Every structure is written in structure tokens, then in C-alpha cells.
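Please report on helix packing and helix ends in this model.

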Amino acid sequence: MTREKKQKKIAAIHDLSGYGRCSLTVAIPVISALKVQCCPVPTSILSNHTGFPTCFFDDYTEKMPLYLEQWKKLNLDFDGIFTGFLGSGDQIEIVADMIRDFKTEKTMVIIDPIMGDNGNTYQTYTKEMCSRMKTLVESGNIVTPNLTEACILTGRQYRQTGWTRKELASIAEEIISMGPDSAVITGVKEGSFITNVVAQKGLEVKFLRSLKAGNDRPGTGDVFASIIAAQAVKGVPLIKNVKMAAHFVKQSILVSDEMNVPTENGVCFEEILSLLIRQ
């Protein structure tokens, strides 16, 4: 008797930016390429991401509970819940409620706690919102902060360079102590290398590094976290998952630089999606 093959599903909670390759316009194709159904929950609608001089913005906060209520009525279930940028304290609370409503024993919760970069919080993030994000992180299975966000979560003073491996391991382990099973601190600069710090409960902290290539671009964190989310619900071991995500991001940056794509346009991951489809 042939066993029925079930496709995995992820609910992806992100804003939708029509231009610039970030958030849902990254998550939907990347997760789909990895053969996982991506079910979007839009937090806001933008004509383009905010790195451009101007943009149209429509806040979706009031509509999110109505949107999710229909999913509850349909008794939908998901193998993963993946959260990205949240624009207000109210949105963080809505997502926390969603996790409580939809999470089961089989559901993986992947939280990308997007709060800031390069030592600064984003303009929309207040101390109260950072505190609420810390509470949300407690409900995740995998958390993927960058170094700035890891410092915010643990109350550390940020510095761009000069971190010891012992210090980085301590930060990652402290995030795990909040509740998640795993934490990946992304994009730590170590000389000419970029390092991802991977901590898992009960295991030694690992440092996965590769030579830095190309220019920094918006949306690379969304590409990375989308791969982590899709592969996690498929049961791919985290170390293998992080290596694959980091390699794909690096190749996306290189091809974008080769094509002379403006930095604000993000990465041309579409050019190499076949690398994910073959996985």
C-alpha cells in the first residue's frame, strides 16, 4: 500500500513590498522552491521597501485578526509559523495570539526578530516593542537574530567587531535559555569572514563561517530565514540548513553584483532558484 505524501505548509507573517525584494516577495518564491506551501499573512502593504526615498504604505493591523479568524473557522493547520518584520506592539500581540491558536505539537515556529541592524534599532521600534519581541521569541522553536538583535534580546552592548567566540556563544545560549530550541545569530563579521553562530539545546555551539563576498544588500536576511523555515519543517538538521542558507545568500549576492543590480533592489535570487529546487 502506497503511503500518501503530504506537502508541508508554512504560514508566513510579513509585510508585502511590491518592489525591492524583501519580506513576502522573498518568502513566497523561496519557500515554494523548496516544495513547501507558503501561506502569507500580510502585516502591511507597501509599494516598495522603505530603503527607497518614497513609498506607499497601508497598515494591515486592524485587518489581521479578521483575516486569521477565517483560518480558524476553516480549521486550518500548519507545519510551520514563520514571523518576520512586525510594525507595532499590536502586531506582535496578534502574532502571539496566532501562535497560541495554531501551534500544535508538530508545528515549528521560526521567528526572525527583525528589530534593527548595525547597532541601531529601526525607527519604528520602541523599548516597549523590543520587550514584547523578547516575549514572542520565548514561543519560538528557531530564532534567527542578527548580532544587533541578539544584543537587544540579551541586553548586551553592541559593538561591530572584536567579539570573542566565548562571548558569541554566551549570547546564543542566553537566547536559548529564554525558551527556543535553537538560535542562529546571523552575519557576524570576523575579519574577511561572515560567521553564523548556531546554538541548539544540549549541543555545543557551532561557528559556521565563509569568506565575505560582494556588497551588503537589503532582503538577504529574509532569504536566509525563509530557507531556514522551509527546511526546518521538512526536518533538515539545523547545521546543514544554515550552511545551505548561507551558501545561497552568498551566491545571490555575487550574481546581483555581476549583473550590476542597484543595491536597493536587493538580491537577484530568481537567477539561481534552481539551486533550491534541486534540493
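A polar contact is a pair of N or O atoms within 3.5 Å; within protein, one must be able to donate a hydrogen and the other to accept it, and residues adjacent in sequence count only if both atoms are side-chain atoms. Helices (H or I, at least four residues) and strands (E, at least two) are DSSP runs, numbered from the N terminus.

The model is predicted: local features need pLDDT of at least 70, side-chain atom pairs count only at pLDDT 80 or more, and totals for chains, interfaces and linings use all residues. Residues are numbered from 1 along each chain as its sequence is written, and side-chain values use heavy atoms, without hydrogens or water.

Start with α5, residues 147-154. Asn146 caps its N-terminal end, with a side-chain oxygen 3.1 Å from the backbone nitrogen of Thr148. Gly155 follows α5 and has a positive phi, near 70 degrees. Seven of the eight residues of α5 are buried, so the helix is largely enclosed by the rest of the structure. Buried means under 20% relative accessible area (1.4 Å probe, protein chains only). The buried set includes Glu149 and Cys151. Contact means heavy atoms within 4.5 Å. The buried residues of α5 pack against these elements:

| Element | Residues |
|---|---|
| β6 | 116-117 |
| β7 | 120-121 |
| α4 | 127-137 |
| α6 | 165-177 |
| β9 | 182-190 |

Now the helix pair. Val26, Ala27, Val30 and Ile31 in α1 meet Asp222, Val223, Ser226, Ile227 and Ala230 in α7.

How values were computed. Buried < 20%, exposed > 50% of the residue type's maximum accessible area, 1.4 Å probe, protein only.
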